[in-house]
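Take a moment with the sequence and the 3D view before reading on.

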Amino acid sequence: MSVNQHTHAGPPYGHPQPGYQGYQQPAYGGQPLPGVPHSPYGAYNGPMPGYQQPVPPQGYFPSLGFPSKGSPVSLNSDTSLAPNFIDSVRAPPTSGAPPPATGTSLPSGHLGYSQFGQGDVQNGIPTSAAPVQRPPAPQPFLPGSAPAPVSQPPTFQQYGPPPPSVQQLSNHMAGMTIGSIPACAPPPAGLGYGPPTSVPPVSGSFSATGSGLYTPYTASQGAPPPSVSQGLPLAQPPFSGQPVPTQRLPTEVPGFAPPLSSTGIEPSSYPPTTGAPRPPPMPGPPLSGQTVAGPRMSQPNHVSSPPPPTTLSGPHPGPPMSGLHGPPPPTHPPQPGYQMQQNGSFGQVRGPQPNYGGAYPGTPNYGSQPGPPPKRLDPDSIPSPIQVIEDDRSNRGSEPFVTGVRGQVPPLVTTNFLVKDQGNASPRYIRCTSYNIPCTSDMAKQSQVPLAAVIKPLATLPPEETLPYLVDHGESGPVRCNRCKAYMCPFMQFIEGGRRFQCCFCSCVTEVPAHYFQHLDHTGKRVDFYDRPELSLGSYEFLATVDYCKNNKFPSPPAFIFMIDVSYNAVKSGLVRLICEELKSILDYLPREGNMEESAIRVGFVTYNKVLHFYNVKSSLAQPQMMVVSDVADMFVPLLDGFLVNVNESRTVIASLLDQIPEMFADTRETETVFGPVIQAGLEALKAAECAGKLFIFHTSLPIAEAPGKLKNRDDKKLINTDKEKTLFQPQTSFYSNLAKDCVAQGCCVDLFLFPNQYLDVATLGVVTYQTGGSIYKYAYFQLETDQDRFLNDLRRDVQKEVGFDAVMRVRTSTGIRATDFFGAFYMSNTTDVEMAGLDCDKTITVEFKHDDKLSEDSGALLQCALLYTSCAGQRRLRIHNLSLNCCTQLADLYRNCETDTLINYLAKYAYRGVLNSPVKAVRDSLINQCAQILACYRKNCASPSSAGQLILPECMKLLPVYLNCVLKSDVLQPGPEVTTDDRAYIRQLVTSMDVAETNVFFYPRLLPLTKADVDSDSLPAAIRNSEERLSKGDIYLLENGLNIFVWVGVNVQQGLIQNLFGVSSFSQISNTLSTLPVLENPFSKKVRSIIDMLHLQRSRYMKLIIVKQEDKLEMLFKHFLVEDKSLTGGASYVDFLCHMHKEIRQLLS
Ligand SMILES: [Zn+2]
């Protein structure tokens, strides 16, 4: 083939623009800030300052390795060559080929440090570029030199809480360190961060991760050294001064009391005890968007639901609200005859008046009981997600959430709020199912409320919030507890004039290293308290020393390897050309650290079908060279030097390669692909280069070609609803889990972009992605016209987003509880360390806790999440998040401090993991049973006695039934007929890494009436509930769930609106194949497009736009997401499910 030299055509996108500032955050790896238009796209607009046209190479090198089109040369066929290659790759480079690190910008970690060691260590101030608020960490923290006490006035401004909260904090500390309860001992000493598999213990602070080392967690129970826990002078009196009341918002009760008592509705779902940090959740406004005039919904948490009408005294007559306000029925027999199916029909036969002014809602038609005419529970009278979201917004959206107080429940994820870190991690990093946990395991078991934290260690922050500071404790590394190895944090108690500190997790007393010594003030607090992030903040980072690195060597900067399927389908669909075009420009936007001019990340390229093609893109070449490996049974990398290169240095060669790839394979007839060898090749390349990194694999089909990891088509929808259904979610071979293990050991993260036209077994192909902390994207029936925007946006964001490599996360807890279970995309080789080859800013790990001893109300419970990772520039760091929770002896306190969105996140992940091993029906039943137990326990222990006919929900959990129903109806647990096996496996994987905001909108999509939008304001129209009966034929709606955006058009929409939005003159002319809305110059079009843009910015994936016309066949798909309605595949409506839950609860109580 003719190989033309291509000069680099200027990036089609131009150059980075100011919006790109996320990457200029000092010492913070290239994170596109959320508020700063996350700007994968904006990034492509402006000039690129550092870009220089590379000097063309001097000599012309014929591209030796390039085969002619379609007939790649197999180097491997040359038997004399192959072994050499193998040797040179597998062994550490011995002769000739030096590690490809040459020419990259950060040859060693040390160099990297020098760039950040002085002046840039502070972790990025938001975009305003405010003056540095802390001086460079190394300066004040130099060993032996006491930090200048007054050196950071701005810090004081920002973090210096007013005296009261300071006091609170120290009081907490005092209380927490009392250690009066001999508790289980901490994990064995030496539990540092183990690197994935290989590193031997190093100097005590970094231990290997043999599972044997960690399992003794329980076995090591025992009292802490008595002399320690008892003999220590406490700087503060134990907890007496604890400002407990400040954590509780007594407003909750007053807000409700009057109407409750007057209506006879169970008042004690607001138990009299104080302790709810929640603001008054429902101060009684009428449900927005409803036509009801009366006071309905002022107690949406009290639903007297499914009793037969006769048992309800009083509720029937009267206004719509009567059902809620009515006094409890005097008696109420259980209704064993309840059946979901019948209620389904009953759900459809709604009473004639939308507002239900008739008989008591919801009673009739229960099971087989003969009842009055079919009427149903008024949907307006049951707890509304929209109302709860709106109330939280109006109550909590205006004030910053200040984290100085233990056990505060944060605002909901749907509320916009700012966070001020005053000693606890922001809810953007950690959210808990409850912020007040039972003191004993008996209580916890009784309540059945799972105790879990949803942790997003590298979460993106809005620009107004400060990124975690980077702290350098010098050569000896971070200061840690001698025994449990917890990191210095605000809850550690300094004693003996500051010479020692007592661990807040295990009570062990540790000497303060000389360089870290500081005097205490009269309250027992170090005088440098506010100068040190690790003493005053909930989240911060430590610079890790070499002890925290694999093989005791600072890491090299990571590499990205792009691996493109060039089989027939990929070429024919235009995908290969599209990817190559995109890579030309996207490579200029690799993650950068701090103010580095260019990314330290090196790149490499592979194409494949049944064989693999490696490319030498060394800068000194005039043309790229191809090396073909056709012996895929025993994968090796045929070149070392020139495979991983610096983008700027090899720009011309890379551009030439990307131009040629589509041409080379244009006539391919190869339809078969391999997959296992592709990952193996990437892994081997990273091994050879001795670095961590990420593989971006673009793959189209089931890998049926003869090779390791070859798969067969085993899709069988007949298995649905059988005991074998679980096999659809299980990988068909263990090959990929074994491979994943090797990948994790190397820090090789795999991101997978799938473009299937048929079944390709996501459950198996996704294993490596899943276990290495990677992301998976799927574009079924990919078509350039409709799908390229979505794919390119996903790819850009995926390449650019902040990511850490070779990560290990450990969650430490104070005595009495411990982390017992983990959910997410990671690998675990022991019971405590979560290992991730890569961890990006979107990935979330859900951790469950169990009691192993009693907790005390005074001490509360503490969590410390420590993440050891390598930044995108190759810097080894520890990110620490601390959170303190309250503990209670009254169940009411537990129920008052729960967070239902987080609970649902946990329950969904728990259930989605369950389907791997249990029949789906069993998983569903156990979910229902657990939630019924949670609510029954509340009813029994926290609500005051009342008729069994009343359904009484805890205020903080009043949405549990509706959200739980959404989980039960989701495609994984109850697939619709149109949902493929791959879809289910895909969704199962996605949900497992989702944060709370994502699961919230995924399970209960957001439905916005576009025609109600105010075109003159920036705000979104008020959301409405997800039910068909809320839709009007004359309006246009938008529904989004984080993966899709539907625009639904009613049949009676005014022609003018249709013209303005779609540019056509009538409803019938609207095309339902549009993937974007036309750009039209009118306020309505602009408003709708801006809403869609805004939604895209809030989500980690680019959502697919689907236009749905009312009564069109696509409407079926849309209706699937109207989750309050009965689903086509048998999922219960919200009303019916609530009735069902009520029945379950009553059975438990009786
Ligand atoms: Zn400790």
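This report covers a metal site, one threonine and some salt bridges.

## The zinc site

This is a predicted model. The zinc ion has four protein donors: Cys-481 (SG), Cys-484 (SG), Cys-503 (SG) and Cys-506 (SG). They lie 2.2 to 2.3 Å from the ion. The angles subtended by the four donor atoms run from 100 to 116°, so the arrangement is tetrahedral. Along the chain, the donors follow the spacing C-x2-C-x18-C-x2-C. Cys-481 sits in the loop between β7 (470-471) and β8 (493-495). Cys-506 sits in the loop between β9 (500-502) and β10 (509-511). These two cysteines are 25 residues apart and link distant parts of the chain.

Cys-481 counts as buried because its relative accessibility is 1%, under the 20% cut-off. Cys-506, at 3%, is buried too.

## A look at Cys-503

Cys-503 belongs to the loop between β9 and β10. With 1% relative accessibility, Cys-503 is buried. Beyond residues up to four places away in sequence, Cys-503 touches Cys-481, Cys-484, Ala-486, Met-492 and Cys-508. Tyr-487 is 16 residues away from Cys-503 in sequence, and their C-alpha atoms are 9.2 Å apart.

## Thr-813 and its contacts

Thr-813 is part of strand β19 (residues 803-813). Its relative accessible area is 12%, so Thr-813 is buried. A polar atom of the Thr-813 side chain lies 2.5 Å from the backbone oxygen of Ile-817. Setting aside neighbours within four places in sequence, Thr-813 contacts Phe-505, Arg-818, Ala-819, Phe-849, Leu-862 and Leu-863.

## Salt bridges

How many salt bridges does a search of the whole structure find? The search finds 47. One of them joins Asp-528 and Arg-532, with the closest N and O atoms 2.6 Å apart. Both Asp-528 and Arg-532 are buried.

Another salt bridge pairs Arg-984 with Glu-725, at 2.6 Å from N to O. Arg-984 lies in helix α26 (residues 981-992), and Glu-725 lies in the loop between β16 (693-699) and α19 (735-746). The two are 259 residues apart. Arg-984 is buried at 2% relative accessibility, and Glu-725 is buried at 1%.

Glu-1124 and Arg-1025 also meet in a salt bridge, at 2.9 Å from N to O. Glu-1124 is in the loop between α30 (1115-1119) and α31 (1134-1149), and Arg-1025 is in the loop between β26 (1006-1009) and β27 (1036-1040), so the bridge ties together parts 99 residues apart in sequence. Finally, salt bridges with shared partners join Arg-797, Asp-798, Lys-801, Asp-840, Asp-842 and Lys-843 into one network.

Terms used:
Residues are numbered from 1 along each chain as its sequence is written. This is a predicted model: local features need pLDDT of at least 70, side-chain atom pairs count only at pLDDT 80 or more; totals for chains, interfaces and linings use all residues. Side-chain values use heavy atoms; hydrogens and water are left out. Donors are N, O and S atoms within 2.8 Å of the metal (3.2 Å for Na, K and Ca); water is not among the atoms, so sites may look incomplete. Four donors count as tetrahedral if all angles lie between 85 and 135 degrees; four count as square planar and six as octahedral if opposite donors are over 155 degrees apart and all others between 65 and 115; anything else is irregular. Helices (H or I, at least four residues) and strands (E, at least two) are DSSP runs, numbered from the N terminus. Buried means under 20% relative accessible area, exposed over 50%, partly exposed in between (1.4 Å probe, protein chains only). A polar contact is a pair of N or O atoms within 3.5 Å; within protein, one must be able to donate a hydrogen and the other to accept it, and residues adjacent in sequence count only if both atoms are side-chain atoms. Contact means heavy atoms within 4.5 Å. A salt bridge is a side-chain nitrogen of Lys or Arg within 4 Å of a carboxyl oxygen of Asp or Glu.
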